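Hi there,

Here is the structure I promised to pass along. Have a look at it first, and then read on for some notes on its charged pairs.

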Amino acid sequence: QCFEARGCAKCQHTGYRGRLGIYEVTVLNDEIADLVLHQRPLHELNATVRKFGFRDLLEDGLLKVWQGETSVEEIIRVAGQTGIEND
């Protein structure tokens, strides 16, 4: 079941307290560096970084929804359709 934001006076009726980041992070290793250095096509780079655990903004956000840290609505507001459009 997904988290649904409910507001109160303390959160100014947003349903959120504090900030939570969603991130895209890739650790640069020799294989990824070689692809960048040789200017390989983007689809090759995407496949390789995913092999090493890369998540895009939407995926990281949806993971946080699944963990109960935020709502689907907030992730769509912040990340939009970025991960959906590129697949």
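A helix here is a DSSP run of H or I that covers at least four residues, with numbering from the N terminus. Helix α3 spans residues 57–66 and holds both K64 and D60, which sit 4 residues apart, about one turn of the helix. Please keep in mind that this is a predicted model.

K64 and D60 form a salt bridge, with 2.7 Å between the closest N and O atoms. Are these two residues buried or exposed? K64 has a relative accessibility of 11% and counts as buried, because the cut-off for buried is under 20%. D60 is buried too, at 5%.

Which parts of the chain does the pair E31 and K51 link? The salt bridge between their side chains has an N to O distance of 2.8 Å. It connects distant parts of the chain: E31 belongs to helix α1 (residues 30–37) and K51 to helix α2 (residues 42–51), with the two 20 residues apart. E31 is partly exposed, with a relative accessible area of 35%, whereas K51 reaches 55% and counts as exposed.

One more pair to look at is R40 with E44, a salt bridge whose closest N and O atoms are 2.8 Å apart. R40 is partly exposed at 43%, and E44 is also partly exposed, at 24%.

Across the whole structure, the search finds 7 salt bridges, including the ones described above.

Best wishes

Notes:
Residues are numbered from 1 along each chain as its sequence is written. This is a predicted model: local features need pLDDT of at least 70, side-chain atom pairs count only at pLDDT 80 or more; totals for chains, interfaces and linings use all residues. Side-chain values use heavy atoms; hydrogens and water are left out. A salt bridge is a side-chain nitrogen of Lys or Arg within 4 Å of a carboxyl oxygen of Asp or Glu. Buried means under 20% relative accessible area, exposed over 50%, partly exposed in between (1.4 Å probe, protein chains only).
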